[in-house]
Amino acid sequence: MSHTTSAAVDIARRMDRLPVLRSHRFMTLVVGAGLFFDCYENFLAVTIAKVLERDFALSGMTLSLVLASAFIGQFIGALLLGRLADRIGRRRAFIVNLLLYCGFSLVAAFSPSAWWLIVCRFIAGVGIGGEYALADSYLSELLPARVRGRYISWAYTVSFFGVPAVGVLALWLVPLSPAGIAGWRWLFVIGALGGVLVWWVRRAVPESPRWLALHGRVDAATRIVERLEDCLLYTSPSPRDLSTSR
């Protein structure tokens, strides 16, 4: 235990000594892209509330549940998936929360009833809640301490563009029925496909060296840090090169 703790402290010190690298910026952008679609989903139901009320003949209570279901799911997701990330690692937890979000956002697009939509948005919300908790911990562990706040702020700045994005898309698609499918359903499809794209890109990010070291996987953590330190002498490694050491 003392050896593992000592190794974790050494890994943390080496990570904090690093300058800001291309890999740091890439990982910040990738995390921000995931948060972008979380904001997109959060404001989606509010943006199309009137259309949902009309198509499903919603009462006040049912409409409130449609709007609140994702936020209730986020509360649970932040609690459960945050703990899961501590057990299985940040990288694997990213996969779990994105699969929940993408899968159930896609299913929500084909909801035959309001209650179907409520359940799908609740489960997608669990994935979103996990994303927020995980994004903060992952970036905190990957970034040097002296720039951590600034780069986490940049990740959230990227995320906030999800709000106008869903508004513009709703303004364009809601009056239409592409391929005979109501425009509001396409908004859920776009969110799900965007999440799949983020998942695809995130396969290239490495596991957190700090998490690896704390869980006794010191060799894997050291290999990732060494690749980052090599940037001081050579060019930055690609994130895919870093992800092989996990």
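His-24 is found in helix α2 of this predicted model. With a relative accessibility of 1%, His-24 counts as buried, because the limit for that class is under 20%. Helix α2 spans residues 22-47 and packs with helix α7, residues 148-160; α2 also packs with α9.

**Surroundings of His-24**

- The side chain of His-24 reaches the backbone oxygen of Pro-19 at a distance of 3.5 Å.
- Apart from residues up to four places away in sequence, His-24 touches Leu-18, Pro-19, Leu-142, Leu-143 and Pro-144.

**Packing of α2 with α7**

- The axes of α2 and α7 come within 7 Å and cross at roughly 40°.
- The crossing of these two helices, α2 and α7, is right-handed.
- On the α2 side, the contact is made by Arg-25, Thr-28, Leu-29, Gly-32, Ala-33, Leu-35, Phe-36 and Cys-39.
- Helix α7 contributes Tyr-151, Trp-154, Ala-155, Tyr-156, Val-158, Ser-159 and Phe-160 to this contact.
- By residue class, the contact of α2 with α7 comprises 11 nonpolar, 3 polar and 1 charged.

**Packing of α2 with α9**

- Helices α2 and α9 pack at an angle of about 165°, and their axes are 10 Å apart.
- Because angles over 145 degrees count as roughly antiparallel, α2 is assigned that orientation relative to α9.
- The crossing in which α2 passes α9 is left-handed.
- Helix α2 takes part through Phe-26, Val-30, Val-31, Ala-33, Gly-34, Phe-37, Tyr-40, Glu-41 and Leu-44.
- The α9 residues in this contact are Leu-187, Phe-188, Ile-190, Gly-191, Gly-194, Gly-195, Val-198, Val-201 and Arg-202.
- The residues of the contact of α2 with α9 fall into 12 nonpolar, 4 polar and 2 charged.

**Packing of α5 with α9**

- The crossing of α5 and α9 is left-handed.
- From α5, the contact draws on Arg-91, Phe-94, Ile-95, Asn-97, Leu-98, Tyr-101, Cys-102, Ser-105, Leu-106 and Ala-108.
- From α9, Trp-184, Phe-188, Val-189, Gly-191, Ala-192, Gly-195, Val-196, Val-198, Trp-199 and Arg-202 take part.
- The contact of α5 with α9 divides into 14 nonpolar, 4 polar and 2 charged residues.

**Leu-106 in α5**

- Leu-106 lies in helix α5 and is one of the residues of that helix in contact with α9.
- Its relative accessible area of 36% places Leu-106 in the partly exposed class, because this value lies between the limits of 20% and 50%.
- With neighbours within four places in sequence left aside, Leu-106 is in contact with Val-189 and Ala-192.
- Leu-106 and Arg-185 are 79 residues apart along the chain, and their C-alpha atoms are separated by 9.0 Å.

**Val-174 in the loop between α8 and α9**

- Val-174 is found in the loop that runs between α8 (162-173) and α9.
- At 25% relative accessibility, Val-174 counts as partly exposed.
- The C-alpha atoms of Val-174 and Trp-184 are separated by 5.2 Å, with the two residues 10 places apart along the chain.
- Beyond its neighbours within four places in sequence, Val-174 is in contact with Ile-48, Val-51, Leu-169, Gly-183, Trp-184 and Leu-187.
- Trp-184 also belongs to the contact of α9 with α5, and Leu-187 belongs to the contact of α9 with α2.

How values were computed. Residues numbered from 1 in each chain as written. Predicted model: local features only at pLDDT ≥ 70, side-chain atom pairs only at ≥ 80, totals over all residues. Heavy atoms only, no water. Left-handed = near helix turned anticlockwise from the far one by under 90°. Helix = DSSP H or I, 4+ residues; strand = E, 2+ residues; numbered from the N terminus. Contact = heavy atoms within 4.5 Å. Nonpolar A, V, L, I, M, F, W, Y, C, P; charged D, E, K, R; others polar. Axes fitted to C-alpha atoms, helices over the stretch in contact; angles between N-to-C directions. Buried < 20%, exposed > 50% of the residue type's maximum accessible area, 1.4 Å probe, protein only. Polar contact = N/O pair within 3.5 Å; in protein donor to acceptor, adjacent residues only side chain to side chain. Parallel < 35°, antiparallel > 145°, perpendicular 65-115°, else oblique.
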